[in-house]
Amino acid sequence: MSHLWSITFMVFLAVVRLNADEGSARLLLSKQIHNKYLVEGMDIVVKYNLFNVGDGAATNVKVVDNGFRADDFDLVSGQLKYKLDRVAPGANTSQTVVVRAKKFGYFNFTAAEVSYSGEGGSGVVLTGLSSDPGQGVIIAARDYDRQFSAHLLDWAAFAVMTLPSLGIPFLLWWSSKSKYESIATKKD
């Protein structure tokens, strides 16, 4: 019986806690890498989506991503640290950043961090982390070109090498055809 009372008490505390949080802001941040292939020296598109799923507005919202170090990446476009004054309840916003990898190999894409305050001005700063894309492989540019280039030089070499095996029988046929056509026209 005491076990049942303790479970009931825990459920009561959870419900009271949920009711106490009503009217507060709750931000969710997602971080997505949009490239299918991550290649050294090529652009990598990273999109941040920020959702307010709470009942109140979030103020003084700061998003920071320290995962793209200057040693490993060049910032091409966008900002890795940005600030929003207010995110209304039920609203969302997105930010896109383009970086360029300087090195190839395995790279751990870490989570971005969001910090914000509720609209009530209570002074409490809430902090959260984005979704974590995890570990990715940045392919060397030469390997990417080897696999996905048009291989025009290879095709030109192939054409030159197959030309004798196709050209010589064609020339033999053409000479015999011309020879028999000239004989046929002389007989008429």
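## Report on a predicted chain of helices and strands

At 1.5 Å a residue, the 36 residues of helix H3 (residues 152-187) should span 52 Å, and the 50 Å between its end C-alpha atoms agrees with this; the expected span is taken as 1.5 Å times one less than the number of residues in the helix. Helices (H or I, at least four residues) and strands (E, at least two) are DSSP runs, numbered from the N terminus. H3 has a kink of about 40 degrees at leucine 163, shortly before proline 164, where the bend at a residue is the angle between axes fitted to the seven residues ending there and the seven starting there.

The model is predicted, so that local features need a pLDDT of at least 70 and side-chain atom pairs count only at pLDDT 80 or more, whereas totals for chains, interfaces and linings use all residues. Residues are numbered from 1 along each chain as its sequence is written, and side-chain values use heavy atoms, with hydrogens and water left out.

### Confidence and overall make-up

The pLDDT, the predictor's confidence in each residue from 0 to 100, averages 84 over the chain, and 86% of the residues score at least 70. Confidence is lowest in helix H1 (residues 2-20), with a mean of 48, and highest in strand S3 (residues 43-52), at 95. Over residues 12-20 the pLDDT is below 50, and this stretch has zero contacts in the model beyond near neighbours in sequence, a contact being heavy atoms within 4.5 Å.

The chain has three helices and eleven strands, which run α-β-β-β-β-β-β-β-β-β-β-β-α-α from the N terminus on. Of its 188 residues, 23% are buried; buried means under 20% relative accessible area, exposed over 50%, and partly exposed in between (1.4 Å probe, protein chains only). Among contacts with a separation of 6 or more, 70% join residues 24 or more positions apart.

### Strand pairing

Two strands pair if DSSP finds at least two bridges between them. Strands S2, S11 and S8 form an open sheet of three strands in the order S2-S11-S8, with mixed pairing; the edge strands, S2 (38-39) and S8 (105-109), each pair on one side only. Two of the strand pairs in the chain are set out below.

| Strand pair | Sense | Bridges | Residues opposite each other |
|---|---|---|---|
| S8 and S11 (residues 134-139) | antiparallel | five bridges | phenylalanine 107 and glycine 136 |
| S9 (residues 113-118) and S10 | antiparallel | five bridges | glutamate 113 and leucine 129 |

Strand S10 (residues 125-129) is hardly covered, since the count of buried residues among its five residues is zero.

### Core and surface

A nonpolar core is a set of buried Ala, Val, Leu, Ile, Met, Phe, Trp, Tyr and Cys residues joined through side-chain atoms within 4.5 Å. The largest such core has 25 residues, of which Leu27, Tyr48, Val61, Phe68, Phe73 and Val114 touch the most other members. Two or more residues each come from S1 (27-33), S3, S4 (58-64), S6, S7 (92-101), S8 and S9, and the largest share, four residues, comes from S3. Leucine 27, not counting residues up to four places away in sequence, touches Leu50, Phe51, Asn52, Ala58, Val61, Val87, Val114 and Tyr116.

Lysine 81 lies in strand S6 (residues 81-87) and, at 55% relative accessibility, counts as exposed. Leaving aside neighbours within four places in sequence, lysine 81 is in contact with Val63, Val64 and Asn66. The C-alpha atoms of lysine 81 and valine 114, which are 33 residues apart along the chain, are separated by 9.8 Å.
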